[in-house]
Amino acid sequence: MANKVVCPKVFHDLRRFARCLNTAPVVPPMNFTGNYGSTVTTPTLQPTDQILADPEKKVINFDDVKELFTGVSTLKLIRSSLTLQMASIESMVDLGVWVMNSKFMHMPIFKEVILGFVKSTFYEHFCAGKDLIEVRKTVSKLSNVGLKGMLDYGVEHATENESCDQSMKVFLQTAELAKSLPSSSVSFVVVKITAICTPKLLKRMSDLLRWEQKDPSLNLPWKQKTLPLFAKSSPFYHTLKRPEPLTVDEERDLQLAHDRLEKICKKCLELDVELLIDAEDTAIQPAIDYFAYSAAIKYHKDDYPLIFGTIQAYLKDSKERMIIAKKAAEKIGVPMGFKLVRGAYMSSENELASSLGFKSPIHDSIQQTHNCYNSCAEFMLDEIANGSGAVVLATHNIESGKLAASKAIDLGIRKDGKKLQFAQLYGMAEGLSFGLRNAGFQVSKYLPFGPVEQVMPYLIRRAEENRGLLSTSAFDRQLMSELQTRI
């Protein structure tokens, strides 16, 4: 921990800033995925306070803030505090989104100034660097404080085969980097299917897969062996009429996408590096699940999954889909891994459903989303305890972290990370990451990397995710509390 230093005027201002945050009014917590004003309530799992009422069962200690942030420099705390505060100012987020989508970004001088500001603030806080050389340094820093990295090349939404091929090359290089680092420092290589297959083709595939679900007589000659992609509660409003079959060119491009993913999977299997496939919005998610599941059937490590799909718990059909896929994999002897998240496309999902005259596929309240996430986690932990599958619990929510950690210990699940690990985004929920680490669990930070301009969509989503929520995040208040004691 850094030593206490003499404070210039700026540090006194930071003290006042921290006090203001600690006395802010209550608003929904980080990871909110529902209607802010909703009064809908649903039964919850057993309250964490009751589960952890016995001091001996208090598996995560968040009380000792000094201990929690041991190893984090004062400068890092200050930068984190200021960056998160900027991201929490709604008017600043609105302005930033407008600027990034404006004609000004086509003016070289203006663009250089804006990207320079973004790089020195949000980019350096949320991203691991512009290339694999910088990523190596970031991973080393994380490893020094007992955390692993999930390496995510931040490209998305490729437009043609050339850019897909380039993305594949970087994913292969990322896997090589992961293998070259100590095994204790990297947990996953992350792949976005939209980087190796165009979203346009993914939408065409998803429409055909949805129609096949409604009409099993539909023949899809390109479809490989996969797991179930839909549940009875899944939304089908994206495809209101029978889609045209894939053209010859589309089938060729699909085969190229399969070939790219196969090369990545073979490399990861050869290097013994686990692969995580990110989720997207529901318009193209069926095709992404199709790629993930068909690859998981072909490539796995004996009883351990090599490939992890992603389940977004803010979707009403998420638990049903996960259970159906998990049980189907079990029947054919395929170990299935999942990363469990809450979700990141709430606005676009709500807008699309509303524009088509349908109900949103997202839970009606934040509590329903919390309940769904915790229930999905509980299901996977029970499965793991019975010897099947693996899960990455990606959450910034303290209650979900406590519930899962407590249940994992009750079930006797090992903390070595082979079957269970936790994850948070780089630059967010540091208190939860360190608390879980101190409790002995394997914890990873999601590390997007790439040139500033390339990862802008990711940074904008992070800023939008933080709208007005910083002031009530328990971990941010802890961070501020520790900052006050040091300055």
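Two strands are called paired if DSSP finds at least two bridges between them. Helices (H or I, at least four residues) and strands (E, at least two) are DSSP runs, numbered from the N terminus. This is a predicted model, in which local features need pLDDT of at least 70 and side-chain atom pairs count only at pLDDT 80 or more, while totals for chains, interfaces and linings use all residues. Residues are numbered from 1 along each chain as its sequence is written, and side-chain values use heavy atoms, with hydrogens and water left out.

I begin with the sheet. Eight strands form a closed barrel in the order E1-E2-E3-E6-E7-E8-E9-E10, with parallel pairing. From one strand to the next, the twist averages 30°; angles run from 0 to 180 degrees between N-to-C directions, and axes are lines fitted to C-alpha atoms, for helices over the stretch in contact. Strand E6 (residues 307-312) runs parallel to strand E7 (residues 337-341), and 5 bridges join them. Thr310 has Lys339 in E7 as its bridge partner.

Next, the helices. Helix H12 (residues 318-331) lies across E6 and E7, at about 155° to E6.

How do H9 and H11 lie to each other? The axes of helix H9 (residues 199-214) and helix H11 (residues 285-298) come within 7 Å and cross at roughly 90°. The two are therefore roughly perpendicular, a label for angles of 65 to 115 degrees. Their contact (heavy atoms within 4.5 Å) includes Leu202 and Met205 of H9 and Ile288 and Phe291 of H11.

Key
Angles under 35 degrees count as roughly parallel, over 145 as roughly antiparallel, 65 to 115 as roughly perpendicular and the rest as oblique.
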